[in-house]
Amino acid sequence: MSRAAVPGLPSRYPIGAQLPALYADDDFAQRFTSGLDTVLAPVFATLDNLPAYLDPRLAPTDFLAWLASWVGADDDPRWPVERRREAVGRAVELHRWRGTRRGLVEALRLALGAHAEVRDGGAARWSSTPDGDLPPEPSGDPVVLVWPDPTRGDTRLDAHRVREIVRAMCPVHTVCRVEILPGPPADEGR
């Protein structure tokens, strides 16, 4: 992640031009400061473009891993660059949805390019009168159905990685079963 190795990068702020008039015609002073310009040019270029470094859509590719560490995003150098940029750009949003059905589905889509559906037998009920009936017992643990996106060309999913993401995104008190399917569930339109 070094910006110093840019050959011939000119300085936008040459030091020699900013010296008092006394040194404007001094050959030694101009040569000396031009050497400093060579050293400082990458620093000035980086500082001038700092907002671009902090925007995951514009940041240099080798800078994405560092940005991902700032926001706690998943970042895998094997992913396509556009998916890495999207994961970093949406990290805060995903943290907001952590522990929810939406957050789990989005995390699996971003990290693996997979589709997912969460089937949860939980229930909730409210009543405007005291001592109302309790909701029925849940029908079982939540089930996370995951299948690859056929448009991506990859028909296999890393089962270990899927379970790792589900474990990280599910609420701590919940046990989620994971089923990896070859394609969408038959009753997807329900």
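Colleague: Which residues does Val162 touch, not counting residues up to four places away in sequence?

Modeller: Val162 touches Leu108, Leu112, Val146, Leu157, Val178 and Ile180, where contact means heavy atoms within 4.5 Å. Please keep in mind that this is a predicted model, in which local features need pLDDT of at least 70 and side-chain atom pairs count only at pLDDT 80 or more, while totals for chains, interfaces and linings use all residues. Residues are numbered from 1 along each chain as its sequence is written, and side-chain values use heavy atoms, with hydrogens and water left out.

Colleague: Is Val162 buried or exposed, and in which helix is its place?

Modeller: Buried means under 20% relative accessible area, exposed over 50%, and partly exposed in between, with a 1.4 Å probe and protein chains only. Val162 has a relative accessible area of 0%, so it is buried, and its place is in helix H8. Helices (DSSP runs of H or I, at least four residues) and strands (E, at least two) are numbered from the N terminus. H8, residues 159-169, lies across E2 and E3 and runs at about 145° to E3.

Colleague: How do strands pair in general, and in what order do the three strands stand here?

Modeller: Strands of a sheet pair through backbone hydrogen bonds, either parallel or antiparallel. Here three strands form an open sheet in the order E1-E2-E3, with mixed pairing, and two strands count as paired if DSSP finds at least two bridges between them. E1 (114-119) and E3 (177-180) stand at the edges with a single partner strand each, so one side of each is left without a neighbour in the sheet. E2, residues 143-148, runs parallel to E3 and is joined to it by four bridges, and Val144 stands opposite Val178 in E3.

Colleague: What describes two packed helices, and at what angle do H5 and H7 pack?

Modeller: Two packed helices are described by the angle between their axes and the distance between the axes. Axes are lines fitted to C-alpha atoms, for helices over the stretch in contact, and angles run from 0 to 180 degrees between N-to-C directions. H5 (residues 81-89) and H7 (residues 101-112) pack at about 150°, with their axes 9 Å apart. The two helices are therefore roughly antiparallel, since angles under 35 degrees count as roughly parallel, over 145 as roughly antiparallel, 65 to 115 as roughly perpendicular and the rest as oblique. Arg83, Glu86 and Ala87 of H5 make the contact with Arg109, Leu110, Ala111 and Leu112 of H7.
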